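Student: Hey, can we go through this one together? I'd like to start with helices and then move to a sheet.
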Amino acid sequence: MPGNRIAKLSLQSMTNINERSVNNLSAIPKEEYLYKCTSACAGCSSSLCLRYVLKAAGPDSVLVVPACCTSVIQGMYPGTAMNVPVYNIAFAAAAACASGMSEAFASLGRETNVIVYAGDGGTVDIGIQALSGAFERGTNFLYICYDNEAYGNTGMQRSGSTPLGARTTTTPGGKPTAKKDLDRIVEAHNPPYMATACSAYPLDLYKKVKKALSIEGAKFIHILAPCPPGWRYPTEKTVEMGKLAVKTAQWILYEREFGKLAISGPSKAAMKKPAPLEDYIKGQGRFKNLSPEIFDAMRQQVEHNIQRLSREEAGVC
Amino acid sequence: MLTIATGNKAVAAAVKAVKPGVIAAYPITPQTEIVEQIADYVTEGDLASRYIPVESEHSAMAACIGASAGGVRTFTATSSHGLLYMHEMVHWAAGARLPIVMANVNRALGPGWNTWAEHTDAFSQRDTGWLQVFVGTVQEAYDATLMAFKIAENERVLLPVMVNLDGFALSHIMQSLETVEIGDFLPPYRLPHAIDTENPCVYGPMTGPADYFRFRWDIERSMRDARGVIADVEREFAERFGRSNGPTEDYRCEDADVVVVAMGTLGKEAEVAVDRLRGEGVKAGSMRLRWFRPFPDLDLAGREVVVIDRDYSFGFGGVVAHSIRSKTGIEPYSVIAGLGGQEVTYDDIADFVRNRHPGEETWFGVSDHV
């Protein structure tokens with residue numbers, strides 16, 4: 001029937017419009033779930049990310065937060081900067097707490113999103129057992145690690161996610177070992193969806209959160225979240241620092257849906273012709289006085305990551 | 001229905017009757033039979049709970065916290081090292097005011113590895129804000145587990161409850177068990193502060209000294225109210241099902257000159273010792289301490305007291321002996337016995353009474369009157 005066909009076409013074109021429309025920031029919902037006047041540091045990118053995560057997730061969502069910067073950012077009792085339920089939980093316990101909550105909602109027939117929003121220490125170090133357990137069990141939730149590459153909340157001590165050479169308060173001479181490859185650990189659990197993101201690309205993050213929440217099972221997003229006091233750069237450079245991380249291919253944006261890798265737009269060009277790594281390093285006090293050997297090792301790591309992900313995307317083993 | 005069961009199976013049967021929404025558990029000897037039996041119930045479709053086979057006890061309690069706050073009844077079971085591994089979350093569950101019920105099969109702590117009965121595991125959680133009950137029989141393991149949910153979920157309490165049963169000495173011992181149709185004994189789960197996305201609240205954020213202190217007092221206020229709630233629930237249970245135990249189970253205490261205070265299976269053993277002593281003309285009684293938190297008021301005035309501790313606080317003394325001393329002002333004869341599953345017979349207990357030295361402490365079979 002022509003009528004039906006027209007209806008179908010218009011539905012399709014509406015879908016296309018919707019898909020197109022999220023390609024610009026103005027299409028992101030105006031509703032705020034993270035209010036102004038948080039307790040975040042000036043230039044904090046992880047709170048910026050949280051704002052977009054919640055816009056994508058919408059009001060029928062619960063945030064599970066282990067000890068991390070977000071424990072502070074949300075504000076102090078009885079005030080709060082949050083407009084979704086936030087369940088604060090002990091450092092090592094976020095993924096397990098979310099498992100219980102997800103199962104409780106399932107048993108009640110509720111479709112509320114359960115989202116862990118955890119820092120890198122609470123994910124790659126003390127929380128990794130609970131994370132691994134939840135992914136192995138296929139818990140229906142979204143685990144987001146916002147990674148500022150150190151224990152920021154406690155004053156920038158090194159975490160397993162601190163990169164090689166970075167100075168922290170517990171690696172005053174620079175970290176002698178490489179950043180733990182969290183994504184390959186998560187990948188080993190074969191999640192239906194996992195992605196990387198960066199605070200400097202909020203639209204990319206928004207779309208990835210939307211997609212993750214449309215899929216059943218244990219989903220994972222790893223966000224690089226530059227941190228002015230920790231990385232020692234001026235607060236106004238927080239977006240620039242994220243862009244440099246991606247443009248130098250120091251941080252590669254991608255998503256892996258049911259095992260199939262797709263490099264995200266901003267990283268495609270960067271992987272073909274990365275900006276000089278010096279551009280990323282030189283603006284950060286944590287990499288001050290980096291030895292040439294460490295710098296070479298960092299450059300080799302970038303090259304290795306580009307090769308590995310390019311081969312995987314091309315289907316070459 | 002009259003049947004026979006182990007202590008572990010009795011706990012599992014009670015859990016089946018209360019139909020938790022979520023059960024999260026990790027196996028540990030001698031608790032395993034509880035989680036295996038529940039897994040069977042769930043797999044066979046006899047119990048509609050969501051069963052989360054977590055990767056550790058810390059995660060077991062964290063999952064129970066998430067589920068309980070999410071709006072469903074929750075249960076877990078553990079023992080010994082498992083309980084200690086979840087210690088952080090044991091505190092968290094009480095602070096978050098969640099009516100989680102946990103069976104703890106009392107077991108000694110390593111090193112060396114020892115899977116037999118001891119109460120040190122539960123006492124190490126003494127100050128967490130959990131209610132703790134210790135049972136002495138298979139029937140009581142069943143009844144106490146049923147009642148634990150009703151007590152925990154009472155709005156005047158809203159604190160978690162730990163049901164303690166002795167490893168092997170009760171967990172793996174078969175006795176008769178009368179199961180019941182619970183009907184409306186346990187109302188549907190209703191948590192006043194359950195997560196509600198239409199009324200978004202922040203749970204457990206940073207809290208300053210003044211508010212934090214008030215929340216701590218609120219836990220103690222509920223702990224005090226719990227005494228009355230426990231009595232009410234036991235009374236209702238007795239009316240419906242014809243059984244009750246009370247905060248202590250007193251045996252031939254009315255005219256007793258000397259009272260043996262013990263917990264768990266040793267408390268039942270003491271009753272046989274009392275009969276023996278009575279036969280010899282000794283006016284003995286026994287008082288089995290069932291509720292440890294909240295600690296009950298004890299009527300021991302004018303009696304000599306022999307306390308058996310299956311635990312020890314190094315550098316201080318037996319935990320129960322100390323509790324009796326501070327609550328009653330009586331200097332008991334403190335016997336430390338049964339650690340790591342050491343065999344203690346009713347004859348041994350009768351000997352403790354015959355050879356008592358008030359104010360002194362003895363490590364049974366190891367060191368006398370120190």
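Student: At what angle do helix H3 and helix H5 of chain B pack?
Tutor: About 15 degrees, with the axes of H3(B) (57-70) and H5(B) (87-95) 8 Å apart. Axes are lines fitted to C-alpha atoms, for helices over the stretch in contact, and angles run from 0 to 180 degrees between N-to-C directions. Helices (H or I, at least four residues) and strands (E, at least two) are DSSP runs, numbered from the N terminus. By the way, this is a predicted model: local features need pLDDT of at least 70, side-chain atom pairs count only at pLDDT 80 or more, and totals for chains, interfaces and linings use all residues. Residues are numbered from 1 along each chain as its sequence is written, while chains are lettered from A and ligands numbered from 1 in the order in which they are written.

Student: So are H3(B) and H5(B) roughly parallel or roughly antiparallel?
Tutor: Roughly parallel, therefore, as angles under 35 degrees count that way.

Student: Which residues make the contact?
Tutor: Among them are Met61(B) and Ile65(B) of H3(B), and Met89(B) and Trp92(B) of H5(B). Contact means C-beta atoms, placed from the backbone, within 7 Å.

Student: New topic: what's the strand order in the open sheet of chain B?
Tutor: E10-E12-E11-E14-E15-E16, with mixed pairing. Two strands pair if DSSP finds at least two bridges between them. The edge strands are E10 (248-251) and E16 (361-363) of chain B.

Student: How many bridges join E15(B) to E16(B)?
Tutor: 3, and those strands run parallel. Ile336(B) has Trp363(B) as its bridge partner in E16(B).

Conventions: Angles under 35 degrees count as roughly parallel, over 145 as roughly antiparallel, 65 to 115 as roughly perpendicular and the rest as oblique. Two residues are in contact if their C-beta atoms, placed from the backbone, lie within 7 Å.
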